[in-house]
Amino acid sequence: MNRSLRPLLATAVIFVLAYGLSVMQFPGLFSTRVLGNLLTDNAFLGIAAVGMTFVILSGGIDLSVGAVIGFTGVLVAVLVSWAGFHPLVAFAIAIAVAAAFGAVMGLAIHYLQVPAFIVTLAGMFLARGGASVITQDSVPIRHEFYDLISDLMIRLPGGGRLSFIGLTMIAVFIVGAIIAHRTRFGSYVYALGGNAVSASLMGVPVARTTVAIYMLSSVLASLSGIVFSLYTSAGYPLAAVGVELDAISAVVIGGTLLTGGYGFVLGTFIGVMLLGLVQTYIIFDGTLSSWWTKIVIGVLLFLFIVLQRLIFAASAPGEKAAKKA
Amino acid sequence: MVPAGSTLAGTPIESALRRHGQEGRLDGDRLALEARGITKVFGNHVALDAVDFGLRAGEVHALLGENGAGKSTLIKILTGAYQPDGGMVLADGVPISLESPQQAQAHGIGTVYQEVNLLPNRSVAENLFLGHQPTRFGLIDRRRMERDSRAILARYGLGIDPSSELGAHSVAVQQIVAIARAVELSGKVLILDEPTASLDRNEVERLFEIIAGLKSSGLAIVFITHFLDQVFAIADRATILRNGRLIETRALDDLTRTDVVRLMLGKDVAFSGATKLEESRPLGEVLAEFRGYGRKRSVHPFDLTVHKGEVIGVAGLLGSGRTEMARIMFGADVADEGTVTVAGAAVAITRPTDAIARGFGFCPEDRKAEGIFGELSVRENIVIALQGKLGWFSALNRDEQLEIAGKFGEAMDIRAASLDMPVKLLSGGNQQKVILSRWLATDPAFLILDEPTRGIDVGAHAEIVRTINRLRDEGLALVVISSEIDEVVAYSSRIVVMRDRELVAELNGENINPGVIVQAIANHREASPA
């Protein structure tokens, strides 16, 4: 079996175990209502995490994700509520702005040879600052289109609801998985994460791929911001602070190697669901401080980093010899 | 010429080997690839000076030369990584421009590097097809890619699963996959840049079978290696470069090993007047004894006894295992067999710290990357090994540091405007003196110097040689590696010769003579027994 499947399997097993144990304690957790809400409540995180998966697979990092979510929310809210644009037009503008933003970050990373960490940190400040310059306050969005979207859902037996934004997340995961695993672009992403020098010698268009990866991440962050605005019906410049870190956690817990080259988009989905489950459990319990979520995420992250270390340190003899030479 | 990717992108794969065979016969004697008057200048250093190189279809052509001869520059020009400052490259008699590795690939030139430049994290099939994956409705057709891969791999005698991760296979298998990719995508010229450097003997044989098969099918192959045995085993012709100049292109049938070494090093074997006539000094006490000391894929087990007050010269071509020998003696690499005895007691040297504790010091070959700390001052560079030896809790204060640095700076005649200037601003010779001072400050008993005189000017060169002699007279033991045969002869009391990662000869007394050394490097069977 492929080595990189092992962390994915571990995540899946942990999720099933954790869910099973939670259900034993709170049988109410086993319902379509809880599962449907799990999708809805984590839709924005999931969409951003798909973009983050591509970035991390390529050996990079994108710290601007949370800020782009916040910026998009504010931009959409201002365009719709103050300027009177139709939400769909506002969405298109927001996504175009994000695409340009991601392209500039990708260009800087490739051509200036500045670490992604630094470039996207600057991007984070820019986007967050930009959102706060537009407005300091929460801007409510009132539009019939928003009401329409909120009412769009599939009712599940047992009272659960599959909301539009939950379905959007699932669609993004499916498309993301196809791009990652079944297209040449996807194979270039893995190639960059495996060894950027080899990739370029093998003819991978490194500049184009790098730019496309950061564009994809920013566009998905923007889509995540749109989903977040649908979820909250408002735009707020300080929304989604630190979501990039949750996204990174979900990606790593989902079995993607933080140094790039190994991982699956599906793993990120399970990672997001696992994080969502922890939150739901704490809400069900009612006595625990919500900060326990952070502690559990920390423990899980640590566990997965150690697990990956164990799996990949026992790596093939060939790789070691190649490094030595 | 076959356009890149066509064999992979479409139609069921025919035998590429057979296809090349037909082309080879058609081409006859025409040069598959030709470089005319290639000149390349870096700053004020001429790396290649009007070099001609002709490659025939269906031949294995060895490209030989010592470090700095210009081999890798020539290869980088042929693969599109560098642009020449003069001259031109022709394929099948037609001038071509090579501005990128992709363009070279499109002209049929494929390259396999010493370090396998593939993706260990991806499947074998994807490594064969990356960038040219067969698609169906815009998506990668994985089943077909794996089926085609299996067919390609079978032609190279590999029965591995194409969906397995490349990194899970041995370097030899990865190397063959790299060759398969280069041949499938390029298909006319194959450049092998030290492909055998990390393979064992059986793996090399297997690789040679594949090369022979490709050759007989009409592929033009450039083979770069430091192993002369391999050159004679597989190559038809050889081009020898020295200091950026073309020395000779000749059929190997007309050359002996000794000829080749002589051409590479520019030494005239006939002259053997430089035999060292020194009073044979009695050997000092045994300082260190290495028995059956070796490391797999790096250096074969060797025996070496080091006495106080002697200089052991290590001669051998680049890649002969001389640097690897130095590294395991110092613990920079860990020996996986053999024992060391220092001053009569068996010790384990698994890290440089162990070696330093026994009074060892090591000046590495790559001064810039492994020797100096460029941004740190001369003073800090000199005291760093001593401070390392003393440990964290006995920090040398600034005055003590200045005193030590000043003392050695003066003794070694380091020419620096100030002891507090960054060491990277010093000349190569002065940097080397700083590194020597660093070890001398630790009061060592045994110094290992790897190419201490490389890349430094004539004056500093003489000073380093004088220092080596002085240290020996003071009772230090030294092992000095050098490509300069005259230099080794000048200061060594004993010479060991490395060849193909093996210690092949130990020369004493009147055998310390350039002619004998060159012969020992060329072929140990011809060398006189020690």
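## Briefing on chain B and its interface with chain A

Chain B holds 19 helices and 22 strands (DSSP runs numbered from the N terminus, with H or I over at least four residues for helices and E over at least two for strands). This is a predicted model, in which local features need pLDDT of at least 70 and side-chain atom pairs count only at pLDDT 80 or more, while totals for chains, interfaces and linings use all residues. Residues are numbered from 1 along each chain as its sequence is written, chains are lettered from A in the order in which they are written, and side-chain values use heavy atoms, with hydrogens and water left out.

**Chain B overall**

- Of the 530 residues in chain B, 57% are buried (under 20% relative accessible area; exposed is over 50% and partly exposed lies in between, with a 1.4 Å probe and protein chains only).
- The accessible surface of chain B is about 21600 Å², and carbon and sulfur atoms account for 50% of that surface (Shrake-Rupley method, 1.4 Å probe).
- When contacts in chain B between residues at least 6 apart in sequence are considered, 67% join residues at least 24 apart (contact means heavy atoms within 4.5 Å).

**Interface with chain A**

- Contacts between the chains involve 34 residues of chain B and 31 residues of chain A.
- About 2700 Å² is buried between chain B and chain A, with 55% given by carbon and sulfur atoms (buried area is the accessible area, 1.4 Å probe, that two parts lose on being put together, summed over both).
- B:N121, B:I140 and B:E165 supply 19% of the area that chain B buries against chain A, more than any other three residues.
- Zero salt bridges are counted between chain B and chain A (a side-chain nitrogen of Lys or Arg within 4 Å of a carboxyl oxygen of Asp or Glu).
- Across this interface, 10 residue pairs are in polar contact, both residues being at pLDDT 80 or more (a pair of N or O atoms within 3.5 Å; within protein, one must be able to donate a hydrogen and the other to accept it, and residues adjacent in sequence count only if both atoms are side-chain atoms).
- On the side of chain B that touches chain A, at least two residues each come from α4 (101–106), α5 (124–129), β8 (139–140) and α7 (171–185).
- The largest share of that side, three residues, is supplied by α7(B).
- The residues of that side comprise 11 nonpolar, 14 polar and nine charged (Ala, Val, Leu, Ile, Met, Phe, Trp, Tyr, Cys and Pro are nonpolar; Asp, Glu, Lys and Arg are charged; the others, Gly among them, are polar).

**Salt bridges**

- Over all chains, the whole structure contains 31 salt bridges.
- B:R245 pairs with B:D49 in a salt bridge, with the closest N and O atoms 3.2 Å apart.
- B:R245 lies in strand β12 (residues 245–251) and B:D49 in strand β2 (residues 45–56), so this pair ties together parts 196 residues apart in sequence.
- B:R245 is partly exposed at 46% relative accessibility, and B:D49 is partly exposed at 29%.
- B:R327 and B:E370 form a salt bridge at 3.8 Å, N to O.
- This pair links helix α11 (residues 322–330), which holds B:R327, to helix α13 (residues 367–371), which holds B:E370, across 43 residues.
- B:R379 and B:D420 meet in a salt bridge at 2.9 Å, N to O.
- B:R379 sits in helix α14 (residues 378–390) and B:D420 in the loop between α15 (398–411) and α16 (428–440), 41 residues apart.
- B:R379 is buried at 8% relative accessibility, whereas B:D420 is partly exposed at 35%.
- A network of salt bridges links B:D413, B:R415, B:K433 and B:E463.
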